[in-house]
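Hi,

Here is the structure I said I would pass on.

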Amino acid sequence: MQNLATPLIVMGILFFVGLAADRIGRKLRLPRVTLLLGFGLVVGQAGFDLLPDAITDLYQVVAIVALSAVAVLLGSSLSINNLRGHGRIVIVVSLCVVLVTQAVVTIGLWGFGLPLALALVLGALATATDPAATYDVIDQSGQDNSFTKRLKGIVAIDDAWGLLAFSLTMLALRLFGDIGGAGEESPLTAAAYELGGSIALGVAIGWPGAFLIGRFSDGEPLRIEALGLIFLTAGLSLMLGLSYLIAGMTVGAVIVNHARHHSRAFDEVRSFEWPFLIVFFVLAGASLDASALILAGGAGFGYALFRILGRLLGGWVGGLAAQAPAQESRHYGAAMLPQAGVAIGMALAASEQLPAYGDLITALAIGTTAGFELIGPVVTAYVLSRQGKANKSN
């Protein structure tokens, strides 16, 4: 029993750290995400290494649950009413951000002398975002206007476009001989299975879930129903090799469009989402390797610079193409700078297929993710503040 004492004490402290981060963030107008990540960086392996193994070993499970809850909430932004009002902007802006980001990063790094194959892979990695951090900054801001509704929708499908772009990039490299393994499964086939299968699973869980939610009794059972749907979606996604993010978003989209009591259901998800996110962000910060960016050298700096440029340009181009308000078009890309696990997952997959560049890809992805996770939410919070002031003046 003594072995359980330390992990339980640490978990209790982490929850109080989350409470403090929320209070400090509101007073200093800093994202609590950045504060939690920074705390994790200090107490984690890159800092004083104070967290026991029993806590750090929970990271993967906590991350899956937290991100699945975020995915369901992001899916709730894809209601028919919301899409009728903002659908064109959501789809066009998200697609433009992905395409322009990949193009800018690829061309920029290739122009700086990196091999084209490596530049293409890094361009694909740059398309990924961190929906959890972006959503939490929006939630902390308390804003519920046209910009935040559109931003939630954009972030909700951005990683799906990014996954497709990465798969097409790997397929192109294989077809042109940069990657071996002719007898292996095509990346395009794998992407089609992951995207299509994840959506199908989300519908299969969300449809009966929409019917059952709120029909048993009021109050606590609704929270149990929401927890059951999230854990079931995450578990089946992992078992079938699918994306729990896309499946979770689909569950949220189906429920918001078909459940009678969907607003209460999503309120219940929000009520238990934050405790998981506290542990997730602290452990994410604890796992960051700040020295990896140094190992990546100039390529890491160039990647970060070109990704920022690609995001800004992509959001602006997408906003113009979708005829979004000019004030919003300038800020979409800046609000989507946070980057996390999806990019690292892509990097690990790419390093296996491009072993000659494996160490550089992994070091660059981990290092720049640390930077974007710490700085990105601050930029997102600043953008939301500007948008809030602009809405008040109008």
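This is a predicted model: local features need pLDDT of at least 70, side-chain atom pairs count only at pLDDT 80 or more; totals for chains, interfaces and linings use all residues.

A quick reminder before the numbers: a pair of packed helices is described by the angle between the axes and the distance between them.

Start with helix H4, which covers residues 59-75, and helix H7, residues 131-141. Their axes are 10 Å apart and the packing angle is about 60°. That angle makes H4 oblique to H7, and the crossing of the two is left-handed. On the H4 side, the contact is made by Leu67, Val70, Leu73 and Leu74, while H7 brings in Pro131, Ala132 and Tyr135. Sorted by class, the contact between H4 and H7 has 7 nonpolar residues, with no polar and no charged ones.

Now turn to H4 and helix H11 (residues 244-258), whose axes come within 6 Å and cross at roughly 40°. H4 and H11 are therefore oblique to each other, and H4 passes H11 in a right-handed crossing. H4 contributes Ile64, Leu67, Ser68, Ala71, Val72, Leu74 and Gly75 to this contact. From H11 come Tyr244, Leu245, Gly248, Met249, Gly252, Ala253 and Val256. By class, the contact of H4 with H11 has 10 nonpolar and 4 polar residues, and no charged ones.

Next, find Thr101, which lies in helix H5 (residues 80-111). Is Thr101 buried or exposed? Its relative accessible area is 0%, so Thr101 counts as buried. Leaving out residues up to four places away in sequence, Thr101 touches Cys96, Ala126, Thr127, Arg307, Gly310 and Arg311.

One of those partners, Ala126, sits in the loop between helix H6 (116-125) and H7. Ala126 is buried too, with a relative accessible area of 0%. What does Ala126 touch, not counting residues up to four places away in sequence? The list is Thr101, Val105, Tyr303, Arg307, Arg311 and Gln339. Take Val105 from that list: Ala126 and Val105 are 21 residues apart in sequence, yet their C-alpha atoms are 7.3 Å apart in space.

Arg307 and Arg311 are among the contacts of Thr101 and also among those of Ala126.

Helix H14 runs over residues 298-321 and has 24 residues. From its first C-alpha to its last, H14 reaches 34 Å, close to the 34 Å expected at 1.5 Å a residue.

Just after H14 comes Gln323, with a positive phi of about 60°. Most residues other than glycine have a negative phi. Gln323 is found in the loop between H14 and helix H15 (326-329), and it is exposed, with a relative accessible area of 64%.

Where is Asp49, another residue to look at? Asp49 is in the loop between helix H2 (32-43) and helix H3 (53-56). Its phi is near 50°, a positive value in a residue other than glycine. At 52% relative accessibility, Asp49 counts as exposed.

Over to you now.

Best wishes

Key
Residues are numbered from 1 along each chain as its sequence is written. Side-chain values use heavy atoms; hydrogens and water are left out. Axes are lines fitted to C-alpha atoms, for helices over the stretch in contact, and angles run from 0 to 180 degrees between N-to-C directions. Helices (H or I, at least four residues) and strands (E, at least two) are DSSP runs, numbered from the N terminus. Angles under 35 degrees count as roughly parallel, over 145 as roughly antiparallel, 65 to 115 as roughly perpendicular and the rest as oblique. A crossing is left-handed if the near helix is turned anticlockwise from the far one by less than a right angle, and right-handed if clockwise. Contact means heavy atoms within 4.5 Å. Ala, Val, Leu, Ile, Met, Phe, Trp, Tyr, Cys and Pro count as nonpolar, Asp, Glu, Lys and Arg as charged, and the others, Gly among them, as polar. The expected span of a helix is 1.5 Å times one less than its number of residues. Buried means under 20% relative accessible area, exposed over 50%, partly exposed in between (1.4 Å probe, protein chains only).
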